[in-house]
Amino acid sequence: MNPIIEFVVASLILLGAAFALLGSVGLARLPDFFTRLHGPTKATTLGVGAMVLASAVYFTATQPGVSLHEIAVMLFLFITAPVSAHLLAKAALHRRTAAHDKDVDDR
Amino acid sequence: MMRRLLPRPALSLALFLLWAALTNAASLATLLLGVLLSLALPFITLRFWPDARRIARPGLIPGFAARVAWDMLLANWAVARRVVGPVAKLSPAFIEVPLDLRDPFAATVLGSIVSLTPGTVSIDVDRERWVLQLHALDAPDPDALVREIKRRYEAPIKEIFS
Amino acid sequence: MLNFAIEAGFMLIGIAMLLNLWRLLRGPDITDRILALDTLNINAIALLVLFGIREASSAYFEAALILAAMGFVATIALCKFLLRGDIIE
C-alpha cells in the first residue's frame, strides 16, 4: 500500500479512537446528566466518523472499486446522534419535573 | 406527468444516492434496482411525509454545510479540552434562544446543528413561543452564545428555507 | 505504522468501553444508563470497523451497519418509554 495512504489511514484511526475515548471520559467524569450528554453526542460521534472514514480510505485503496458504503454509516451516525441526545435530554427533563411534582404533592 | 411519476424528487434522489453508496455502486444491475426502488418507495410512503419542503436557495447549502463541519471540529476540540480540564470550573447552563424561524423542519435542522456544534445540546423546540431550549456545557456568557447561534446558524438556515 | 495504529485504536476504544460500562453500572439515574448503553453501542461500531480493517475484510461492515441502526432504534424506544410510559401509541 502507498505509504501516504497508510499514513492517512493510521492517523484517522488514532484521531478517531482518541476522540471516542475523550467522549467516554466525559461520560464517566462530568458531574451531572446534562453535562454528561455532551461527550458522547459530539466527541464519540466524530471519533467513530473518523474511524469509518479511515475504513473507507483503506478499502478504496486496497480493493478494486471505491468503497462508498462507509459514507452511508457516517451520515447515519451524524443524523441520529442529535436525535438520540435530544430525546434523552427530554426524558431526563421529564423525569426531573415529574420527581419535583411528586415532592410538591407529598408535602 | 413528471409530478405524477416523481411525487418527491428530492426524496427519490436521496434514496438513490443512499442505495448507490450502500452497494458501493458495484454494477449496473444494482444501480438499476436502485432506480426502481427510489421510484417505488416514495409512492409507498407518500402518506407518512409532511408537505414537501420548499428549499428557496439550494446553492447556499454546500457552503453552509462546510462551515458546520468545520465548526464541528472546533467544537469537539473545545469540548475535549473541557472534559480533560478541571470539572469544577465549568459553568453549565440552560439557555433559551428565541427563534425567528417559524417552520418546524427548519427548527429541527437548527436543533440538530446546535447539538453537534458548539458546546451545546438542544433539548426542546417550543412551538408555541418559538423558543429553542438548550443546555450548554460551559457558558460564562449566555447572551453572547445566543447571539452567536442566531448569527452563525439561524440566519443562514432562514435564508436557505424561506 | 498501520498495525501500530490499529493496536493502539483497539486499546483506546477498549478503555472507552470500560468507562461506558462503569457508567452503565453506576447510574445513578436511568437516563445515565441509557446514555451509557448508547455510547457503548457506538464504540462497539468503532471496534467492528477497526476489526474489519485489521482483517482486511469488508464483511464486518454489515454487522456495524446493523448495530448502528438497532442501537439508534433501541435508544429511541427506551426514551419514548420514559417519556410516555409506552412505546407504540
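In what order do the elements of chain B run from the N terminus on? In this predicted model, the order is α-α-α-α-β-α-β-β-α. The chain is more spread out than a compact globule, because its radius of gyration is 20 Å, well over the 15 Å that the globule rule gives for 162 residues. The C-alpha trace of chain B spans about 60 × 40 × 25 Å along its principal axes. Of the 162 residues in chain B, 26% are buried. Among contacts in chain B with a separation of 6 or more, 66% join residues 24 or more positions apart.

Helix H4 of chain B covers residues 61–84. This helix has 24 residues. From first C-alpha to last, H4(B) reaches 34 Å, close to the 34 Å expected at 1.5 Å a residue. Its buried residues are Ala75(B), Asn76(B), Val79(B), Ala80(B), Arg82(B) and Val83(B). Part of their cover comes from another chain: helix H1 (3–29) and helix H3 (38–62) of chain A are included in what covers the buried residues of H4(B).

The strands of chain B form an open sheet. Their order is E1-E3-E2, and the pairing is antiparallel. Strand E1 (93–98) and strand E2 (120–126) of chain B stand at the edges. Each has a single partner strand, so one side of each is left without a neighbour in the sheet. On average, neighbouring strands are turned by 25° against each other, direction ignored. E1(B) pairs with strand E3 (residues 131–136) of chain B over six bridges, in the antiparallel sense. Within this pair, Phe94(B) stands opposite His135(B) in E3(B). Helix H6 of chain B, residues 142–161, packs on the sheet. H6(B) touches E1 and E3 of chain B, and its direction makes about 45° with that of E1(B).

A further contact joins chains C and A. Chain C gives 42 residues and chain A gives 43 residues. On the side of chain C that touches chain A, the elements giving two or more residues are helix H1 (2–26), helix H2 (30–55) and helix H3 (59–84) of chain C. H2(C) provides the largest share of this side, 15 residues. By class, the side of chain C that touches chain A has 30 nonpolar, eight polar and four charged residues.

Terms used. Residues numbered from 1 in each chain as written. Chains lettered and ligands numbered in written order. Predicted model: local features only at pLDDT ≥ 70, side-chain atom pairs only at ≥ 80, totals over all residues. Contact = placed C-beta atoms within 7 Å. Helix = DSSP H or I, 4+ residues; strand = E, 2+ residues; numbered from the N terminus. Nonpolar A, V, L, I, M, F, W, Y, C, P; charged D, E, K, R; others polar. Rg over C-alpha atoms; globule rule 2.2 N^0.38 Å. Buried ≥ 20, exposed ≤ 12 C-beta atoms within 10 Å, placed from the backbone. Expected span 1.5 Å × (residues − 1). Pairing = 2+ DSSP bridges. Axes fitted to C-alpha atoms, helices over the stretch in contact; angles between N-to-C directions.
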